[in-house]
Amino acid sequence: MSDRLYTVLLYSDDPKVRDQMRLAVGTRPAPDLRVEFVDAASYDECIRLFDDYEIHLMLLDGEATPAGGIGIARQVKDDRDDAPPTCVVIARSADRWLAAYAEVDGTLMHPLDPVTTGAKVAELLRAHAPA
């Protein structure tokens, strides 16, 4: 993998949370990875962005309302054959079981730690990179 550009969809109903996710990931979560971001504040916007962009990773706010990131992750995986990997940011570690049920590929905890977040994003992008 040589310095490829990946598109990460950030989902939260709160623009401040999307900004926190963007800052925690950064434009280079690893020396060999570059990312650009697209933002969604609703499930409908997530679907529209899937149609407009090649999404390589969804970073979803599990605390968003009315549609939480875990529910969106599950819905996208059920509805789309081309679903990208998903990572949900949760506030309670007890919600990991629900994320596992929703077939989420990774979880992170609020508040986001930039080192952990960048490492998780890089791991998911590498593991699911197209050949």
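Tyr43, Cys46, Ile47 and Phe50 in helix α2 meet Ile72, Gln75, Val76 and Asp79 in helix α3, where a contact means heavy atoms within 4.5 Å. Helices (H or I, at least four residues) and strands (E, at least two) are DSSP runs, numbered from the N terminus. This is a predicted model, in which local features need pLDDT of at least 70 and side-chain atom pairs count only at pLDDT 80 or more, while totals for chains, interfaces and linings use all residues. Residues are numbered from 1 along each chain as its sequence is written, and side-chain values use heavy atoms, with hydrogens and water left out.

Two packed helices are described by the angle between their axes and the distance between the axes. For α2 (residues 43-52) and α3 (residues 69-79), the angle is about 40 degrees and the axes are 11 Å apart. Axes are lines fitted to C-alpha atoms, for helices over the stretch in contact, and angles run from 0 to 180 degrees between N-to-C directions. The two helices are therefore oblique to each other; angles under 35 degrees count as roughly parallel, over 145 as roughly antiparallel, 65 to 115 as roughly perpendicular and the rest as oblique.

Strand β3 (residues 57-61) contains Asp61. An unreviewed UniProt entry lists Asp61 under "modified residue: 4-aspartylphosphate"; UniProt positions are given in the numbering used here, feature names are shortened, and annotations may be inferred rather than shown by experiment. Asp61 counts as buried because its relative accessibility is 3%; buried means under 20% relative accessible area, exposed over 50%, and partly exposed in between (1.4 Å probe, protein chains only). Leaving aside residues up to four places away in sequence, Asp61 touches Tyr11, Ser12, Asp13, Val17, Gly68, Gly69, Val89 and His110.

Arg18 belongs to helix α1 (residues 15-25). With a relative accessible area of 11%, Arg18 is also buried. Its side chain makes a polar contact of 3.2 Å with the side chain of Asp39. A polar contact is a pair of N or O atoms within 3.5 Å; within protein, one must be able to donate a hydrogen and the other to accept it, and residues adjacent in sequence count only if both atoms are side-chain atoms. Among the residues that Arg18 touches, not counting those up to four places away in sequence, are Tyr11, Ser12 and Asp13.

Tyr6 sits in strand β1 (residues 4-11) and is buried at a relative accessible area of 1%. Tyr6 and Leu125 are 119 residues apart in sequence, yet 7.9 Å apart in space, C-alpha to C-alpha.

Some backbone details remain. Most residues other than glycine have a negative phi, and most peptide bonds are trans. A cis peptide bond joins Thr65 and Pro66, with omega about 0 degrees; Pro66 is in the loop between β3 and α3. Another cis bond joins His110 and Pro111, with omega about -10 degrees, and Pro111 is in the loop between β5 (106-109) and α5 (114-127). Glu103, in the loop between α4 (96-101) and β5, has a positive phi near 65 degrees.
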